[in-house]
Amino acid sequence: MSATGTTDLYSTFVSSGPGSFIAGKVGLPQPPVLRRYKAGEPALAGPVLLGGNGRLIEPLREILGDPDSGYELITNNTGGRGADKLGGVVLDATGITQSSELSQLFEFFGPTLRSTGNSARFVVIGTTPELIKNPNEHIAQRALEGFTRSLGKELRKGATAQLVYVSPDAKTGLSGLESTLRFILSAKSAFVDAQVIRVDEKDAAAPASWDKPLQGKVAVVTGAARGIGATIAEVLARDGAHVIAADIPAAGDALSATANKVGGTALPLDVTAADAGTKLAEHVLERHGGVDIIVNNAGITRDKLLANMDDARWSSVIGVNLIAPQKLVDDLVEAGALREGGSVIDVSSIAGIAGNRGQTNYGTSKAGVIGLVDAYAPILAEKKITINAVAPGFIETAMTAAIPLATREVGRRISSLQQGGQTVDVAETVAYFANPASSAVTGNVVRVCGQSMLGA
Ligand code: NAD
């Protein structure tokens, strides 16, 4: 799968032999080449080192030590095979109950920093602070976030750091945590950096196959004719889903091309039409008896400084990006078309977190999407449906290709990974949320931005 938008010529140049030499001499940024998922390749480039002494150490050992998991687990870093090229480093920090014990973080991670390979994964596992009753433990666990975000900024060679908070009510934490671990400890999370993911107390059933976790599922992707949506359709189909690719009727051939490529169905659908939700519900009920996954990806920008904003620009952006995603889900639920165990995935943006000049309409809509996730998570949980959002940063698409060169160049470089992401990076995150094994993951917003400084 390749980028559907522009090419980052600068990155290509400095990764070449002569380019790398010149960039090194004059001190130019040298964006690392990120390791991305390829079928048949191991999830990580080297073994995983596991440490810590919390309540989740045994479940973690079970997940990572399972010979079928594809991971090579090691529990000390004192030498031996792979000691100088770790693929992942995981600390169970749930045993940290007061601030003085936070020293475990630098004692454990510090010595590993010089012995990791390309695109290594650093993971801190903690307990969801707001659910902890003891104030000292709450404080210490909250502190893990600052460590993880700072570590992300220090890492090199495409390495990333993430924090996973597991509910204190999770009995073993084993099944609910596994899909998250398999995502962040893999090449699929190449452009996800310094994120905090909350896993709740629910148990989850592992899919029959981790390679095809969406087998037998039906997914709808809006805005699937091109860009990020087209790649989401491809990745969900790769994972086994039947994909209904929806886009405006004018998308015509491009929409058919996506549907054909993924062996799915093309559905011309303007998500802002009053009957869009009922049409979609009818379609999925008639053809498939329902739908399991809905990805609200269709989105538009109509940039203007607020002083020059007009009603059409404002209303169209709020209509497509915020009102439609809510209404589609409402209509599907009301029609009984969204099946139990299903998932809703919305596409926000870092502009909805940081704000962006000239994008008051867009920033409003994308922050509203985060509100939608927050507000609907408990409502949909009653129907055993999850809702999460991805918030992309700078992704190489037609949308970002339209940005003037100088601004585009800044957008690419002001992240820890010093480059734009690919559409596949957003799609892999969507697929992680869509995985039925992610049933304990709801109400999350995961940025796919390489730890962009915007809205950090
Ligand atoms: P894109 O413009 O390439 O594709 C968007 C698709 O949505 C198009 O095919 C378009 O026809 C479709 N669409 C627009 N209005 C629609 C409607 N009313 N009904 C049905 N379909 C409609 O954009 P993209 O870059 O692929 O962005 C996809 C999503 O990701 C959007 O929600 C966007 O806001 C978000 N996003 C993108 C970036 C980025 O860097 N590209 C960053 C942050 C967020």
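How far is an oxygen atom of the ligand from a polar backbone atom of Asn297? The distance is 2.8 Å. Keep in mind that this is a predicted model, where local features need pLDDT of at least 70, side-chain atom pairs count only at pLDDT 80 or more, and totals for chains, interfaces and linings use all residues. Residues are numbered from 1 along each chain as its sequence is written, and side-chain values use heavy atoms, with hydrogens and water left out. Below is a quick tour of the ligand site, the core and a handful of individual residues.

**Around the ligand**

- The ligand has 26 residues around it, and the closest are Arg226, Ile228, Asp247, Asn297 and Tyr362; to be in this shell, a residue needs a heavy atom within 4 Å of the ligand.
- Sorted by class, that shell holds 13 nonpolar, nine polar and four charged residues. Here Ala, Val, Leu, Ile, Met, Phe, Trp, Tyr, Cys and Pro count as nonpolar, Asp, Glu, Lys and Arg as charged, and the others, Gly among them, as polar.
- Three helices, α7 (227–238), α12 (360–381) and α13 (398–401), each put at least two residues into the shell. Helices (H or I, at least four residues) and strands (E, at least two) are DSSP runs, numbered from the N terminus.

**Backbone atoms facing the ligand**

- Val271 places a backbone N or O atom 3.0 Å from a nitrogen atom of the ligand.
- At Gly393, a polar backbone atom sits 3.3 Å from an oxygen atom of the ligand.
- Taken alone, the ligand exposes 830 Å², and the protein buries 93% of that; these areas come from the Shrake-Rupley method with a 1.4 Å probe.

**The nonpolar core**

- The largest nonpolar core has 62 residues, with Ile125 and Leu236 making the most contacts inside it. Such a core is a set of buried Ala, Val, Leu, Ile, Met, Phe, Trp, Tyr and Cys residues joined through side-chain atoms within 4.5 Å.
- Helix α15 (residues 423–434) is the top contributor to this core, with eight residues.
- Domain 1 (48–199) and domain 2 (218–448) both give residues to this core, so it lies between them; the bounds come from an automatic or database domain assignment.

For burial, the cut-offs are under 20% relative accessible area for buried, over 50% for exposed, and partly exposed in between (1.4 Å probe, protein chains only).

- Lys157 is not a glycine, yet its phi is positive at about 55°. Lys157 belongs to the loop between α5 (135–154) and β5 (160–166), and it counts as partly exposed because its relative accessibility is 46%.
- Ala194 is not a glycine either, and its phi is positive at about 60°. The loop between α6 (174–184) and β6 (195–199) holds Ala194, which is buried, with a relative accessible area of 1%.

**Buried residues and their spacing**

- Ile244 is part of strand β8 (residues 242–247) and counts as buried because its relative accessibility is 0%. From Ile244 to Ala225 it is 19 residues in sequence and 11 Å in space, C-alpha to C-alpha.
- Ala225 is in the loop between β7 (218–222) and α7 and is buried, at a relative accessible area of 11%. Ala225 and Ala204 are 21 residues apart in sequence, with 33 Å between their C-alpha atoms.
- Asp331 is in helix α10 (residues 311–334), and 13% relative accessibility makes Asp331 count as buried. Between Asp331 and Ile132 there are 37 Å in space, C-alpha to C-alpha, and they are 199 residues apart in sequence.
- Ala170 falls in the loop between β5 and α6, and it counts as buried at 7% relative accessibility. Ala170 and Arg339 are 169 residues apart in sequence and 25 Å apart C-alpha to C-alpha.

Technical notes. Polar contact = N/O pair within 3.5 Å; in protein donor to acceptor, adjacent residues only side chain to side chain.
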